[in-house]
Amino acid sequence: MTAHLTITQAGPALSLQDQGRAGYRAQGLTVGGAADRTALFEGAALLGQSPTHAAIEMAGSGGSFTSDADIRIALTGAEMAAQIDGEPLVWGASHRLPAGAELTVGGARNGSYGYLHVGGGFATPPVMGSRASHLAGGIGTLLQTGEALPLGPDAAQDVAMTLPKSDRFGGGKIRLVESMQTTSFDAETIERFTATPFRRDARANRMGVRMDHDGDGFATGAQLSIVSEVVVPGDIQISGDGAPYVLMYECQTTGGYPRIGSVLPCDLPRVAQAQTGAALTFEFVGMEEAVNLQARYIAALNSLPSSVTPLVRDPAGMRDFLSYQMISGVVSAAANPFEEES
């Protein structure tokens with residue numbers, strides 16, 4: 001019998017997301033998928049499963065959820081207050097959600113996007129090879145109160161696992177490479193751009209993030225002669241009012257605004273997770289360095305399972321205490337404790 005996760009109270013922006021749909025740009029569809037790709041790999045590591053599984057992306061705040069069977073869950077991304085039937089949960093960890101118990105997830109504390117993963121993943125029908133909602137492309141919709149999502153079979157059992165905390169929340173330095181129009185900006189403008197402290201503007205979504213700053217805007221004399229051409233996630237477009245916009249995974253496929261640079265894919269999660277008002281700065285790196293940084297990022301993602309450790313919990317607060325294996329590997333049923341060693 002297929003288990004289901006039911007959304008008993010949906011937050012304002014819940015959607016099912018995975019790594020998106022590659023290969024459809026020529027047909028006018030960008031890749032889409034999770035705003036924070038790193039969170040998908042974290043959830044997979046905590047549950048011991050593939051990072052291709054979809055998760056519920058919670059933008060800004062979560063909601064309430066119940067399951068009709070005992071299931072495993074993991075919580076990653078922006079930290080949010082989470083409870084099961086009123087008992088607080090550790091974020092960035094895996095837990096058991098008993099059948100009928102209510103998981104409640106509140107507002108984000110240190111980022112913009114939180115993720116709810118389930119053991120076995122969600123078994124909704126894939127569309128064009130992905131279960132991700134691409135709202136800008138008209139694929140899928142926001143999840144609604146009362147919606148029941150089918151779950152895939154879960155072959156593992158481990159829970160109460162955690163990962164080291166990430167430093168990708170709260171803004172910071174964003175690395176980029178030159179883009180199609182970088183050389184159209186004069187040296188003074190480029191220098192001012194990299195020296196400017198930016199703030200993540202409230203005007204942000206899965207298509208792009210506006211960067212606010214003090215002082216004059218940025219421009220190039222050639223911007224009125226630029227024809228529409230291909231754009232990709234990470235490109236930084238300079239709008240008509242001189243404000244930079246970092247394009248995200250649901251951006252358009254073409255655009256005519258000048259691009260001052262392009263954010264490395266490994267730094268896009270930091271842009272996505274910056275809360276409104278968070279400080280960010282930009283730094284150009286060479287292509288060789290960019291390739292090495294991206295390779296190290298991918299290697300780090302693939303090695304996350306080796307960083308998973310048991311979550312230390314207080315037994316007095318564990319309602320499901322008896323479901324845990326506490327003595328495996330400690331007591332031998334074959335050895336005689338009263339027999340002296342030879």
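Q: Let's start with the pocket: which helix gives the largest share of the lining of the largest pocket?
A: That would be H4, which supplies five residues. Keep in mind as we go that this is a predicted model. Besides H4, the helices H1 and H3 (268-273) each supply at least two residues of that lining.

Q: What is the volume of the largest pocket, and how many residues line it?
A: Its volume is about 480 Å³, and 21 residues line it. To find the centre on your screen, look for Thr38, Ser166, Asp167, Tyr297 and Ala300, the lining residues nearest to it.

Q: How do the lining residues of the largest pocket divide by class?
A: Nine are nonpolar, four are polar and eight are charged.

Q: Two of those helices, H1 and H4, also have axes that cross; at what angle?
A: Here's the general idea: two packed helices are described by the angle between their axes and the distance between the axes. In this case, H1 (residues 37-47) and H4 (residues 287-302) cross at roughly 25 degrees, and their axes come within 9 Å. Angles under 35 degrees count as roughly parallel, and H1 and H4 are therefore roughly parallel to each other.

Q: Which residues of H1 and H4 meet?
A: From H1 you have Arg37, Thr38 and Phe41, and from H4 Tyr297, Leu301 and Asn302. Sorted by class, this contact has three nonpolar, two polar and one charged residues.

Q: On to the strands. In what order do the strands of the closed barrel run?
A: Follow S13-S20-S17-S18-S15-S14-S21, seven strands with mixed pairing. Neighbouring strands in this sheet are turned by 40 degrees against each other on average, ignoring direction.

Q: How many bridges join S13 to S21, and how many pair S13 with S20?
A: Five bridges join S13 to S21, and those two strands run parallel. Ile174 stands opposite Phe282 of S21. With S20, S13 pairs over two bridges in the antiparallel sense, and there Val177 has Ser262 in S20 as its bridge partner.

Q: In what sense do S17 and S18 pair?
A: S17 (residues 235-238) and S18 (residues 244-247) pair in the antiparallel sense, over three bridges.

Q: Where do the side chains point in a regular strand?
A: They alternate between the two faces of the sheet.

Q: Which strands stand at the edges of the open sheet?
A: The open sheet has six strands in the order S7-S6-S9-S4-S1-S11, with antiparallel pairing. S7 (87-88) and S11 (148-150) each have a single partner strand, so one side of each is left without a neighbour in the sheet. For S11, take its pairing with S1 (residues 4-10), which is antiparallel and spans three bridges. There, His4 has Pro150 in S11 as its bridge partner.

How values were computed: Residues numbered from 1 in each chain as written. Predicted model: local features only at pLDDT ≥ 70, side-chain atom pairs only at ≥ 80, totals over all residues. Heavy atoms only, no water. Pairing = 2+ DSSP bridges. Helix = DSSP H or I, 4+ residues; strand = E, 2+ residues; numbered from the N terminus. Axes fitted to C-alpha atoms, helices over the stretch in contact; angles between N-to-C directions. Parallel < 35°, antiparallel > 145°, perpendicular 65-115°, else oblique. Contact = heavy atoms within 4.5 Å. Nonpolar A, V, L, I, M, F, W, Y, C, P; charged D, E, K, R; others polar. 1 Å grid on protein atoms, 1.4 Å probe; cavity = no way out; pocket = protein on both sides within 12 Å on 5 of 7 lines; lining within 4 Å. Points joined across faces, edges and corners; volume = space filled by probe spheres on them.
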